[in-house]
Amino acid sequence: MTKKTTGKTQGMASDIDFDTEFSPAYGTAVAIADGVERLTVNNPSPFTFHGTNSYIVGNSSVAVIDPGPENEAHFDALMKVLDGRTVSHIFVSHTHRDHSPLAKRLKDATGALTVAEGPHRASRPLHEGEINPFSESADTDFRPDIAIADGQAIEGDGWTLSAIHTPGHTANHSAFALDGTGIVFSADHVMAWATTIVAPPDGSMADFMASIEKLLARTDRIYFPGHGGPVREPASFLRGLRMHRRMRERAVMERIRAGDRLIADMVKAIYVKTDPRLHGAAALSVLAHIEDLLEKGRVTTDGPPSLLGSYRPA
C-alpha cells in the first residue's frame with residue numbers, strides 16, 4: 001500500500017499528496033521501466049530522503065544519469081551493474097554534491113562523456129557581505145564535456161535523452177526526457193516525497209515557478225526523480241505543487257501583514273509541523289518567496305534581501 005501525506009500550509013490542505021513509500025534496495029539495480037534501472041545511494045538524510053537515485057538507461061550501451069556523491073559502495077555497485085556494457089554518456093542534472101561528484105570517477109573508469117547544462121553557479125550574484133549558506137553543498141569542480149542546450153537531444157544505442165532546463169533548485173538544473181516513452185528524469189525539481197528546497201542565492205523561486213509552468217506545458221506520463229519513488233501523475237502533481245507554492249507565498253505575505261518582520265518569526269508560525277532540523281532550509285525558502293515578492297513590488301525592505309533582513313508590506 002502506498003503511504004501518502006497531504007501537505008499543509010497555514011493549516012490548509014495544499015492539494016498535493018506526497019508519496020513517501022519507497023524501498024531503496026541499496027546496492028541493487030532495480031528495473032523500473034523498459035531499458036531503465038535505478039540504483040540508490042546509501043546516503044539518507046532529511047534532505048535526500050532514502051538517498052540519491054542514479055539511473056541507467058539503455059541495454060548494451062547505456063547512459064548513467066546522476067552518478068551521485070563520492071561513495072565507495074555505490075561506485076562498486078555501479079561498476080558491477082555496468083560490467084560488460086559500454087557507458088557512452090554520464091548525464092548530470094545539477095551540481096549538488098549528492099548528484100555530481102562521482103561523475104569524474106565514473107568517466108575515468110568508462111571513458112564516457114559527461115553531459116550537463118553547465119558548471120555550478122548561483123541564480124544571482126551575492127550581495128555585499130552575503131555568505132552562501134549552501135556553498136559547501138555545491139560541486140564547483142564539475143565541468144561537463146557537453147554543455148547541453150535546452151531541448152537538445154543526445155542519442156545513444158536505442159535511446160535518446162533530451163534536456164529540459166528547469167532552473168529554480170539550482171541555476172543549472174536540468175531534467176532529461178527519454179524521448180518516445182513519456183518518461184522524464186525530474187531530478188530535484190519535482191519529487192513525490194516532498195517539495196524541493198529553493199535556497200537563495202543558488203535557488204530562485206521565480207525561476208522555479210517558471211520551470212513548473214514549462215513542465216505543465218508538456219504531456220509526460222511519469223517522472224523518475226532524484227530521490228524517492230516515481231511521480232505517477234505528473235500533471236496533477238505539478239498543479240498541486242504550484243498551488244502549494246502559491247499558498248506558501250500567501251502565508252508569508254499574511255505573516256508580514258500581521259506584523260512579522262523577521263524571517264525567523266515567519267518560520268515559527270508557518271512551519272509548525274516541520275522537522276526542526278529543516279528550519280534552516282525553511283528560512284531560505286521563505287527568503288526565496290520574499291525575493292520574489294520584492295520583485296513583484298508587494299514587499300519592501302532596507303537594503304538587499306537577507307535572512308536577517310526586516311520586511312514590511314509595500
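Okay, quick one before we start: when I say strand, I mean a DSSP run of E with at least two residues, and helices are H or I runs of at least four, all numbered from the N terminus. And keep in mind that this is a predicted model.

With that, Ser 186. Its place is in strand 13. Is Ser 186 buried or exposed? Buried means under 20% relative accessible area, and Ser 186 has 1%, so it counts as buried. Who does it touch, once we skip residues up to four places away in sequence? That would be His 173, Ala 175, Tyr 223, Phe 224 and Pro 225.

Strand 13 covers residues 183-187 and pairs with strand 12 in the antiparallel sense, over three bridges. Across that pairing, Phe 176 sits opposite Phe 185 of strand 13.

Between strand 12 and strand 13 there's a loop, and Asp 179 is in it. Asp 179 comes out at 37% relative accessibility, which means partly exposed. Leaving out neighbours within four places in sequence, Asp 179 has contacts with Ala 153, Thr 160 and Ser 162. As for Gly 228, it's 49 residues from Asp 179 along the chain and 22 Å away in space, C-alpha to C-alpha.

Which residues touch the most other members of the largest nonpolar core? Tyr 223 is one of them, along with Val 190 and Phe 208, in a core of 20 residues. Strand 2 (12-19), strand 12 (174-178), helix 3 (205-216) and helix 4 (234-257) each put in at least two residues. Helix 3 gives the largest share, five residues. Generally speaking, in soluble globular proteins nonpolar side chains tend to be buried together. Beyond four places in sequence, the contacts of Tyr 223 include Val 184, Val 190, Leu 215, Pro 230 and Leu 238.

Next stop, strand 6, residues 61-65. Five of its five residues are buried, so the strand is largely enclosed by the rest of the structure. Ser 61, Ala 63 and Ile 65 point one way, Val 62 and Val 64 the other. Strand 6 has an antiparallel pairing with strand 5, residues 53-58, over four bridges, and a two-residue hairpin joins the two strands. In that pairing Tyr 55 stands opposite Ile 65. With strand 7, residues 86-91, strand 6 runs parallel, joined by five bridges; there, Ala 63 has His 89 as its bridge partner.

Helix 1 (72-82) and helix 2 (102-110) have axes that come within 11 Å and cross at roughly 35 degrees. The crossing is right-handed. Among the residues making the contact are Phe 75, Leu 78 and Met 79 from helix 1, and Leu 102 and Leu 106 from helix 2. By type, the contact residues split into seven nonpolar, one polar and two charged.

That's my tour, over to you.

Technical notes:
Residues numbered from 1 in each chain as written. Predicted model: local features only at pLDDT ≥ 70, side-chain atom pairs only at ≥ 80, totals over all residues. Heavy atoms only, no water. Axes fitted to C-alpha atoms, helices over the stretch in contact; angles between N-to-C directions. Left-handed = near helix turned anticlockwise from the far one by under 90°. Contact = heavy atoms within 4.5 Å. Nonpolar A, V, L, I, M, F, W, Y, C, P; charged D, E, K, R; others polar. Core = buried A, V, L, I, M, F, W, Y, C linked by side-chain atoms within 4.5 Å. Buried < 20%, exposed > 50% of the residue type's maximum accessible area, 1.4 Å probe, protein only. Pairing = 2+ DSSP bridges.
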